[in-house]
Amino acid sequence: MNYTEQNGSEIFNIDEPIWISKNEKLLNIQFDAKFDLKKIKNSNKRLWRYEDAIAIDQTKGIVSMDEGFTPIEKIKLNKKEVYIKHEHLFCSGSYKDRGATTLITKAKQLGIKKVVQDSSGNAGCAIAAYAAKAQIECEIYLPENTSENKIIQMQAYGATINKVNGTRKDTSIAAYKAAQINYYASHCYNPWFFEGTKTFAFEICEQLNWKCPDSVILPAGNGTLIIGCYIGFTQLANAGIINKMPKIVAVQTAICSPLADKFFNMEKRENEYSSNSIAEGIAIVNAPRSEQIIDAVIKTNGTFLKVTEDEIKNTWKKMAQTGFYIEPTSAATIAGVEKYILESYDEIIVSLFSGHGLKSKFQFEVN
Ligand SMILES: *Cc1c(COP(=O)(O)O)cnc(C)c1O
């Protein structure tokens with residue numbers, strides 16, 4: 001078990017308190033995941049049930065709220081049934097808790113006393129929640145346009161808030177600076193976040209009786225779920241649990257689609273992308289792991305989809321009117337599912353509600 005450099009060759013000890021290599025290259029965790037299906041079946045219904053497949057020693061204590069193993073429900077969209085995982089049902093209101101439980105557990109085991117993080121919202125809420133649970137000091141950098149309810153939530157957990165003048169990128173730069181002296185609990189950089197998000201793939205397979213769907217349709221902002229899924233399904237395949245990889249289909253909003261455009265060789269200039277989407281959680285112009293995200297889509301034979309602001313709004317309303325109160329960001333993914341179905345009607349498709357609607361700043365008229 002080691003850290004390996006992305007596009008580099010150095011290897012680092014897994015118990016070093018680092019989140020990037022000394023050559024400033026991204027780190028990944030090299031680990032041989034094991035799956036004992038009988039043992040898993042008899043374990044608590046939470047994401048830590050895959051203990052031999054998570055690169056953390058649970059006997060040293062974990063920071064957990066018994067999160068995960070979210071319900072999976074068949075829902076009819078465009079006259080076709082797709083599997084939707086209810087990832088808005090985590091303690092802090094989004095699937096980001098998956099990454100927070102593993103990252104903060106590792107930080108606690110490393111003896112970290114303070115973490116910094118930057119986020120357009122939900123990642124900050126998740127890290128703040130788990131830092132509070134672990135009694136680790138937490139400082140969050142936010143862009144000015146962050147939803148007020150998310151800020152209130154982070155402050156309630158006891159996090160210190162730093163609003164940064166300027167764009168989401170300016171916020172990341174400020175946090176990156178602060179992370180030169182503090183441990184960076186970043187969902188984009190810190191590889192321990194993906195040890196958690198990868199369990200989304202494990203749960204999907206287990207909930208489909210250890211079968212692999214044909215495609216998983218995921219949001220693409222910083223790609224924490226895409227990268228997690230890619231790692232998770234790869235580990236399942238390497239262990240011989242599944243015999244193929246699902247296609248990873250990544251959804252972006254049309255006004256901020258740098259990854260999709262790069263995938264289709266239609267990249268625009270940075271200033272042509274707007275982060276003022278109602279899908280605030282995926283309006284990301286510079287994802288630090290963009291190369292890894294696009295690679296996951298290419299290697300699984302997947303694709304990118306773009307959805308317009310109107311499509312997001314319409315899907316959001318439709319979901320609310322069938323009982324699901326989700327974030328507009330989550331509606332973007334579902335709008336992508338509705339589009340994808342039109343082309344791939346025969347596939348077994350899994351997607352998700354990524355975040356809860358209660359904390360969103362956007363209110364739409366329903367009629
Ligand atoms: C973070 C987030 C996303 C986007 O995920 P990435 O990992 O940044 O691609 C989608 N929906 C919600 C609710 C989120 O919080």
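Author: Happy to! Let us start with Q252, which counts as buried because its relative accessibility is 0%; buried means under 20% relative accessible area, exposed over 50%, and partly exposed in between, with a 1.4 Å probe and protein chains only. A word on the source: this is a predicted model, in which local features need pLDDT of at least 70 and side-chain atom pairs count only at pLDDT 80 or more, while totals for chains, interfaces and linings use all residues. Residues are numbered from 1 along each chain as its sequence is written, and side-chain values use heavy atoms, with hydrogens and water left out.

Where does Q252 sit? Its place is in strand 11, residues 247-253. Helices (H or I, at least four residues) and strands (E, at least two) are DSSP runs, numbered from the N terminus. Leaving aside residues up to four places away in sequence, Q252 touches A220, S257, P258, L259, A260, I282, F304, L305, K306 and V307. A contact here means heavy atoms within 4.5 Å.

Now for the whole. The protein has 12 helices and 13 strands, and 60% of its 367 residues count as buried, Q252 being one of them. Among contacts with a separation of 6 or more, 69% join residues 24 or more positions apart. The C-alpha trace spans about 50 × 50 × 40 Å along the principal axes. A compact globule of 367 residues would have a radius of gyration near 21 Å, and the protein, at 19 Å, agrees with that; the radius is taken over C-alpha atoms, and the globule rule is 2.2 Å times the number of residues to the power 0.38.

Two other spots are worth a visit. T234 lies in helix 8, residues 224-238, and is partly exposed, with a relative accessible area of 22%.

Finally, the cysteines. The structure holds 0 disulfides, a disulfide being a pair of cysteine sulfur atoms within 2.5 Å. C91 is in no disulfide, and the nearest cysteine sulfur, that of C125, is 12 Å away. C91 is exposed, with a relative accessible area of 55%, whereas C188 counts as buried at 5%. The sulfur of C188 is 13 Å from the closest cysteine sulfur, in C256, which is too far for a bond.
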